[in-house]
Amino acid sequence: MLKNEKFNTAEVLMDVETNRDKYKFLMTSLLLVVLIISGISFLILVEGMEFIDAFYCVCSTMTTLGYGDKSFSTQEGRMFAILWILSSTICLGQFFLYLAALYTEKRQRSLVKWVLNRKLTPSDLEAADMDHDEVVSAAEFILYKLKEMGKICQDDVLLLMERFKDLDVDHSGTLTTDDLILS
């Protein structure tokens, strides 16, 4: 966001919306690091563990493995553990959720790029011609590309076409306020 010296609120909001999963992943990663450091620090300072034992305990606890060989043993440690285990385990789950979302988003973007850049073939035109008039309109082309991108499916299109037909009372192929009043 700070690459350009001049930016306005709309651009910032657009950037945040576009990269929402990325920002969620980064914030969760930062929180996860803070939770790991706080857990290790607490185990070293309060529980008297060595660094490697504290790190092992934090990792096994956060991942819910909990072998039981290293744990919070003091009264203060158990009080800390109640909140820390809950928040760190949830944070780790969110970390993997957002990591998977980023991967899925990247694959979706590459699919969209491939769909938009590939050359059309005569069979593509035939598949895009929904009304079988041997001409592909802009609407048919857009629907075909959206289906190819996985954004909509044929069932979605059929449901919407049925709804359109129900609203198009005069069967003109267009919707007017008269159609809405009569339906």
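I searched the whole structure for salt bridges and found four; the rule asks for a side-chain nitrogen of Lys or Arg within 4 Å of a carboxyl oxygen of Asp or Glu. One to look at is Arg109 with Glu105, whose side chains meet at 2.2 Å, N to O. Why can these two pair up? They sit four residues apart in helix H4 (residues 75-117), so about one helical turn separates Arg109 and Glu105. Helices here are DSSP runs of H or I, at least four residues, and strands are runs of E, at least two, numbered from the N terminus.

A reminder to myself: this is a predicted model, where local features need pLDDT of at least 70 and side-chain atom pairs count only at pLDDT 80 or more, while totals for chains, interfaces and linings use all residues. Residues are numbered from 1 along each chain as its sequence is written, and side-chain values use heavy atoms, with hydrogens and water left out.

Next I checked the domains. The assignment, automatic or from a database, gives domain 1 (1-117) and domain 2 (122-182). Their C-alpha centres are 44 Å apart. Five residues of domain 1 and four of domain 2 make the contact, meaning heavy atoms within 4.5 Å.

Then I looked at the area between them. The two domains bury about 450 Å², 65% of it on carbon and sulfur atoms; this is the accessible area (1.4 Å probe) lost on putting the two parts together, summed over both. Gln108, Val112 and Val115 supply 72% of what domain 1 buries against domain 2, more than any other three residues.

How many salt bridges cross the interface of domain 1 and domain 2? I found zero.

Last, I went to UniProt. An unreviewed entry lists residues 25-46 and 81-103 as "transmembrane region"; such annotations may be inferred rather than shown by experiment, and positions follow the numbering used here, with feature names shortened. Residues 25-46 are 95% helix and 0% strand, with end C-alpha atoms 31 Å apart. Residues 81-103 are 100% helix and 0% strand, with their ends 32 Å apart by C-alpha.
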